Amino acid sequence: MKRSFRRAAWAGAVIAVTVAAVPMTSAFGAGSVTATFAKAQDWGTGHEARVTVANDSAASISTWRIEFDLPAGTTISSSWDADVTSSGNHYVAVKKSWAGPLAPGASFSWGYNGAGAYKAPLNCTINGAPCGGGTPPTTAPPTTAPPTTAPPTTPPPTTPPPTTPPPGGKKVVGYFAEWGVYGRNYHVKNIHTSGSAAKMTHILYAFGNTTGGRCSIGDSYADYEKAYTAADSVDGIADTWDQPLRGSFNQLRKLKKMYPNIKVIYSVGGWTWSGGFTQAAQNPTAFAESCYNMVEDPRWADVFDGIDVDWEYPNACGLTCDASGPNAFKNVISALRTRFGSSALVTAAITADGSNGGKIDATDYAGAAPNLNWLMPMTYDFFGAWAAQGPTAPHSPLTSYTGIPQQGFWSDAAIQKLKSKGIPSDKLLLGIGFYGRGWTGVTQAAPGGTATGAAPGTYEAGIEDYKVLKNTCPATGTVAGTAYAKCGSNWWSYDTPSTIGGKMTYAKNQGLGGAFFWELSGDTSNGELIGAIKGGLG
């Protein structure tokens with residue numbers, strides 16, 4: 001997930017509040033098309049809104065166009081799953097090119113983040129007809145909104161928000177990196193204040209160590225010793241010197257109380273610590289026992305809901321090479337399932353190498369699938385500046401394209417190969433990287449150019465967070481379902497809310513179980529990318 005350790009949030013105390021729908025319907029053909037604006041979150045200085053277009057008519061709709069005004073003091077800062085333009089306070093939202101026709105009885109949702117408190121849109125029309133139904137008005141609409149009752153105040157942090165997902169909903173799974181509490185200054189509280197927690201179903205805590213074929217704590221200080229001040233704590237309560245559990249583990253405990261639907265899974269291995277799996281495969285039962293003892297330690301047993309195996313890579317090479325044979329992974333997973341039991345979550349991040357004879361073919365992933373809740377092919381890091389001279393290529397292509405440097409190195413190739421081996425679609429999650437990969441010394445804007453080395457990055461050459469790149473090198477083009485940009489002599493590829501929307505449509509069309517991402521600190525402070533994942537999956 002990360003090539004040196006693992007290659008791979010909105011200000012203020014944000015609490016999800018009960019959705020308050022403001023239905024605005026418009027007559028269209030036999031029946032009606034409705035545009036429903038719903039307040040998903042509102043914390044005074046900002047908000048998140050969801051807009052649902054529902055086709056209750058008898059005919060399929062090939063396109064839709066919503067026009068509306070926002071009251072003074074409210075603006076849209078970002079959006080996903082619709083193309084939104086504005087002129088002053090007047091906004092136009094149209095269907096994305098990748099979104100198909102809207103069948104009778106079907107609906108489609110898009111969303112936006114806004115500055116200022118949530119206010120219901122005014123003068124809404126859909127496909128030219130008033131959203132309220134009937135014919136267009138012949139008199140000017142009122143310039144002010146009618147009086148409304150005051151919105152409910154934000155509940156205190158100790159009140160659990162209504163975040164339980166609907167039955168059968170798609171999984172939204174993201175990694176929290178334990179080392180992020182240092183230089184990145186990203187803490188569990190940020191999952192809450194960014195609005196990300198309200199959109200997630202599962203958090204993967206990375207990583208536990210596997211050295212010597214046994215599970216062990218990765219960083220005890222970050223994990224359970226670091227004392228949190230009131231300002232940095234999830235619930236605004238400072239740690240005391242004598243409390244039995246501190247660190248990120250205790251903060252995750254607090255987060256789970258605030259968001260009862262979220263499950264937390266302890267991930268072990270990763271790029272750096274996958275070497276220990278080779279010894280684990282020699283005695284899977286002993287390995288499983290050590291992992292159970294670590295995850296279910298009485299001090300934090302209530303924090304974790306299972307274990308995630310990130311072995312890079314069984315019977316193949318990563319940072320080190322493994323030759324345990326094609327059954328090793330299956331045997332390790334079987335032992336973990338036996339020890340943890342049927343009620344625990346047992347998951348795995350796996351290779352996305354879909355080439356013939358590649359890493360997927362080297363291991364019996366299908367044999368392990370019955371004992372796994374889901375598998376996460378790491379559909380990113382296909383290309384990067386470890387090939388210092390290029391050719392430049394997007395690190396997370398969804399599909400192939402003319403000139404791609406390596407056959408089978410794209411997301412759909414991995415998904416189709418895994419499905420062909422018998423792994424159910426709903427046990428596969430699509431991977432999204434919240435970062436970009438880049439080269440320097442590039443003269444060609446389109447992919448396929450030569451380079452002289454890795455582009456400068458905040459923490460490591462050749463890699464940079466999305467939250468930085470969106471401002472320093474905005475995307476200028478797309479290829480194979482992902483974005484790229486050339487800024488000066490630097491060339492970057494990364495996913496944007498728009499390309500994530502396309503990938504989520506792919507995930508739904510393929511019947512996948514949802515999506516996962518590496519990792520939380522790469523997103524913006526108001527959670528743009530996770531918003532696009534959640535909005536795209538519905």
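This is a predicted model: local features need pLDDT of at least 70, side-chain atom pairs count only at pLDDT 80 or more; totals for chains, interfaces and linings use all residues.
C215 and C291 are joined by a disulfide, with 2.0 Å from S to S.

## Disulfides

A disulfide is a covalent bond between the sulfur atoms of two cysteines. How many disulfides does the count come to? The count comes to 3 disulfides. The table lists them.

| Pair | S to S distance | Torsion about the S-S bond |
|---|---|---|
| C215 and C291 | 2.0 Å | 65° |
| C317 and C321 | 1.8 Å | about 110° |
| C473 and C487 | 2.0 Å | 105° |

The link of C215 and C291 is right-handed, with 65° about the S-S bond. C215 lies in the loop between β12 (202-208) and α2 (220-225), and C291 lies in helix α6 (residues 284-295), so this pair ties together parts that are 76 residues apart in sequence. Both C215 and C291 are buried.

The disulfide of C317 and C321 is right-handed because the torsion about its S-S bond is about 110°. Are these two cysteines buried or exposed? C317 counts as partly exposed, at 37% relative accessibility. C321 has a relative accessibility of 53% and therefore counts as exposed, since the cut-off for exposed is over 50%.

The sulfur atoms of C473 and C487 are 2.0 Å apart, and with 105° about the S-S bond their link is right-handed. C487, at 24% relative accessibility, counts as partly exposed.

## Strands and their pairing

Strands of a sheet pair through backbone hydrogen bonds, either parallel or antiparallel. E67 has T125 in β9 as its bridge partner.

Another pairing involves strand β2 (residues 32-42) and strand β3. Is β2 mostly covered or mostly uncovered? Strand β2 is mostly covered, as 10 of its 11 residues are buried. Over 9 bridges, β2 pairs in the antiparallel sense with strand β3 (residues 46-55). One of the residue pairs here is A35 with its bridge partner V53 in β3. β2 and β3 form a hairpin, with 3 residues between the two strands. In the turn, G44 has a positive phi of about 95°.

Which residues have a positive phi although they are not glycines? N123 has a positive phi of about 55° and is not a glycine. N123 is in strand β9 (residues 122-126), the strand that also holds T125, the bridge partner of E67. The relative accessible area of N123 is 34%, so N123 is partly exposed.

D381, also not a glycine, has a positive phi of about 60°. D381 is located in the loop between β16 and α9. At 9% relative accessibility, D381 counts as buried, because buried means under 20%.

Cis peptide bonds are the next feature. A cis peptide bond joins G390 and P391, with omega of about 5°. P391 is placed in the loop between β16 (374-377) and α9 (411-420), and D381 is found in the loop between β16 and α9 as well. W518 and E519 are also joined by a cis peptide bond, with omega of about -20°. E519 belongs to the loop between β24 (514-518) and α12 (528-537).

## The largest cavity

By class, the lining has 3 nonpolar, 2 polar and 2 charged residues.

Note on methods
Residues are numbered from 1 along each chain as its sequence is written. Side-chain values use heavy atoms; hydrogens and water are left out. Helices (H or I, at least four residues) and strands (E, at least two) are DSSP runs, numbered from the N terminus. Buried means under 20% relative accessible area, exposed over 50%, partly exposed in between (1.4 Å probe, protein chains only). Ala, Val, Leu, Ile, Met, Phe, Trp, Tyr, Cys and Pro count as nonpolar, Asp, Glu, Lys and Arg as charged, and the others, Gly among them, as polar. A disulfide is a pair of cysteine sulfur atoms within 2.5 Å. Two strands pair if DSSP finds at least two bridges between them.
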